[in-house]
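Have a look at the picture first, then read on.

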Amino acid sequence: MNTAMYEAATSRQIFGYVLILVAGVVLVGGLIWAFRLGFKVRQREPAPPRPEEQPKLPPTGPVHETSEMRAPRDVPRTGEESERLTPHQLNNIRSQRADDQRRPRWSPGSSGSFGGGGGGRT
């Protein structure tokens, strides 16, 4: 009675070990296939540019960004008070270059932010 029980337990154990082994082999095979597929795809891609193919600076030197203060444009007015503007008449209302190009700074004596703990202007 005990030997039959051990034999049944052993056959289940062996089946579990074989199942784990087969799953491991399938997993390793999948990883090898994915690696080979990635290698083939990479070989089809163009090679990285050589140093002489790299972009060069323009003869005038590096291009710098510009910074300017912008001011909003006014919404166009109609000829009569009773007439309305439709959206297609508004077009794209952009900003324009401001006359005053000084950057806004904090006023002297004001706190830096709301709730900053400073005394503010008194």
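What follows covers the confidence, the fold, the surface and the charge pairs.

**Ground rules**

This is a predicted model: local features need a pLDDT of at least 70, side-chain atom pairs count only at pLDDT 80 or more, and totals for chains, interfaces and linings use all residues. Residues are numbered from 1 along each chain as its sequence is written, and side-chain values use heavy atoms, with hydrogens and water left out.

**Confidence and layout**

The predictor's confidence in each residue, pLDDT, runs from 0 to 100. Across the protein chain pLDDT averages 80, and 80% of the residues score at least 70. The protein chain has two helices and two strands, in the order α-β-α-β from the N terminus. These elements are DSSP runs numbered from the N terminus: helices are H or I with at least four residues, strands are E with at least two. Among the elements, helix 1 (residues 2–44) has the highest mean pLDDT, 87, while helix 2 (residues 87–90) has the lowest, 78.

**Surface and contacts**

How much of the protein chain counts as buried? Accessible areas come from the Shrake-Rupley method with a 1.4 Å probe, and for residues only the protein chains shown count as cover.

A contact means heavy atoms within 4.5 Å. Of the contacts in the protein chain with a separation of 6 or more, 45% are between residues 24 or more positions apart.

Ile14, Val18, Val22 and Val26 make a nonpolar surface patch of about 350 Å². Patches are made of residues with over 30% relative accessible area and no salt bridge; like charges are joined within 9 Å, and nonpolar side chains (Val, Leu, Ile, Met, Phe, Trp, Tyr) within 5 Å. Ile14 sits in helix 1 and is partly exposed, with a relative accessible area of 47%.

**Around the strands**

Pro72 belongs to strand 1 (residues 70–72). Which residues does Pro72 contact, leaving aside its neighbours within four places in sequence? Ser95 and Gln96 are its partners. The C-alpha atoms of Pro72 and Gln96 are 6.2 Å apart, although 24 residues separate the two in sequence. Pro72 is still exposed, because its relative accessible area is 67%.

Asp99 lies in the segment after strand 2. Its C-alpha is 8.3 Å from that of Ala71, 28 residues away along the chain. With a relative accessible area of 84%, Asp99 is exposed.

**Charge pairs**

Side chains of opposite charge can pair when their charged atoms come close. A salt bridge here is a side-chain nitrogen of Lys or Arg within 4 Å of a carboxyl oxygen of Asp or Glu. The structure holds five salt bridges, including these:

| Pair | N to O distance |
|---|---|
| Glu52 and Arg50 | 2.8 Å |
| Arg97 and Glu68 | 3.1 Å |
| Asp100 and Arg102 | 3.1 Å |

Where are the two ends of the Arg97 and Glu68 pair? Arg97 is in strand 2 (residues 95–97) and Glu68 is in the loop between helix 1 and strand 1, so the pair, 29 residues apart, links distant parts of the chain. Glu68 is partly exposed, with a relative accessible area of 37%.

In the Asp100 and Arg102 pair, Asp100 is partly exposed at 41% relative accessible area, whereas Arg102 counts as exposed at 65%. Elsewhere, salt bridges that share partners join Arg50, Glu52 and Glu53 into one network.

Note on methods. Buried < 20%, exposed > 50% of the residue type's maximum accessible area, 1.4 Å probe, protein only.
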